[in-house]
Amino acid sequence: MYNNWEELEESINNCNKCKLCKTRINIVFGTGNKNADIMFIGEGPGADEDKQGIPFVGKAGQLMNKAFEGLGIEREKMYISNVVKCRPPGNRVPEDDEAFACLDYLRNQVILVKPKIIVLLGSTALKNICGKQYGITASRGKWIEKKGILYMPTWHPAALLRDENKKIEFWRDLKEVIKKYEEIL
């Protein structure tokens, strides 16, 4: 584990721990406030993220930004990352070995950020952080506490693009995050 951001970011620069390194344009490490109280973790970069090297800048990220704006959440005050740091081909779900290869990077990000709340965006984030026994449909909107951190599983913004009915639940979940955050301040 790394004790500072410089060492951690340096350690991932030429990562070749899994086959995703062969097709990536950029490693998409994370963005935002490195001392955030709230952290968002998604699945992995898409095409736009791979091009720009920044998580959640494509259509799903734009939708998430609209939700942030509507709820008064300042994206710059959050820390946003993904389970895998390189784009899976065709935006497929990361395979277990790919997620495992990146988990130490993600764990180290969590250790350095020290968030009070982590919002898990979708099934891949939920299963890789909290355990394979969790399913997003059953867990969405329900708090999970582990090692002093509160986790809120919710839909990945890409799921909202496929099913508009999930937008209401996503909105409610983010409102619950804000409410809980204000309670623990």
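## Lysine 116 and aspartate 37

Lysine 116 is partly exposed, at 33% relative accessibility. Here buried means under 20% relative accessible area, exposed means over 50%, and partly exposed lies in between (1.4 Å probe, protein chains only). Its partner is aspartate 37: the two form a salt bridge, with the closest N and O atoms 3.2 Å apart. A salt bridge is a side-chain nitrogen of Lys or Arg within 4 Å of a carboxyl oxygen of Asp or Glu. The pair links distant parts of the chain, 79 residues apart. Lysine 116 sits in the loop between H4 and strand E4 (117–121), and aspartate 37 in the loop between E1 and strand E2 (38–42). Helices (H or I, at least four residues) and strands (E, at least two) are DSSP runs, numbered from the N terminus. Aspartate 37 is partly exposed too, with a relative accessible area of 21%.

This is a predicted model: local features need pLDDT of at least 70, side-chain atom pairs count only at pLDDT 80 or more, and totals for chains, interfaces and linings use all residues. Residues are numbered from 1 along each chain as its sequence is written, and side-chain values use heavy atoms, with hydrogens and water left out.

## Other salt bridges

The whole structure holds 14 salt bridges. One of them joins aspartate 97 and lysine 19, at 3.3 Å from N to O. This pair also links distant parts of the chain, 78 residues apart. Aspartate 97 belongs to helix H4, while lysine 19 lies in the loop between helix H1 (5–12) and strand E1 (30–32). Aspartate 97 is partly exposed, at 44% relative accessible area. Lysine 19 is partly exposed as well, at 36%. Both belong to a network of salt bridges that links Lys19, Arg92, Glu95, Asp97 and Glu98.

Aspartate 173 and arginine 140 form another salt bridge, with the closest N and O atoms 2.5 Å apart. Aspartate 173 is in helix H8 (residues 166–184), and arginine 140 is in the loop between helix H6 (136–139) and strand E5 (144–146). They are 33 residues apart. Are these two residues buried or exposed? Both are buried.

## A buried arginine without a salt bridge

Arginine 75 lies in the loop between H3 and strand E3 (79–82). The residue is buried yet has no salt bridge. Which side chain of opposite charge is nearest? It is glutamate 76, 6.1 Å away. For charge, Lys and Arg count as positive and Asp and Glu as negative; His and the chain ends are not counted. A polar atom of the arginine 75 side chain does lie 2.9 Å from the backbone oxygen of phenylalanine 56.

## Alanine 36

Alanine 36 is in the loop between E1 and E2. This residue is buried, with a relative accessible area of 1%. Isoleucine 54 is 18 residues from alanine 36 along the chain, and their C-alpha atoms are separated by 17 Å.

## Two pockets

On a 1 Å grid over the protein atoms alone, a pocket is an open set of points with protein on both sides within 12 Å along at least five of seven lines, whereas a cavity is a set where a 1.4 Å probe fits but cannot get out; lining residues have an atom within 4 Å of a point. Grid points are joined across faces, edges and corners, and a volume is the space filled by probe spheres set on the points.

The largest pocket holds about 550 Å³ of space. Its lining has 27 residues, and Glu43, Ala60, His156, Ala158 and Arg162 lie nearest the centre. By class, 11 are nonpolar, 9 polar and 7 charged. Ala, Val, Leu, Ile, Met, Phe, Trp, Tyr, Cys and Pro count as nonpolar, Asp, Glu, Lys and Arg as charged, and the others, Gly among them, as polar. The second largest pocket holds about 360 Å³. Its lining has 8 nonpolar, 1 polar and 3 charged residues. H4 gives the largest share, 5 residues.

## One cavity

How many cavities of 30 Å³ or more does the structure hold? The count is 1. The largest cavity has about 60 Å³ of space. Its lining residues include Cys15, Cys18, Cys21, Cys86 and Cys102. By class, the lining has 9 nonpolar, no polar and 3 charged residues. H4 supplies the largest share here, 3 residues.

Definitions and conventions
Polar contact = N/O pair within 3.5 Å; in protein donor to acceptor, adjacent residues only side chain to side chain.
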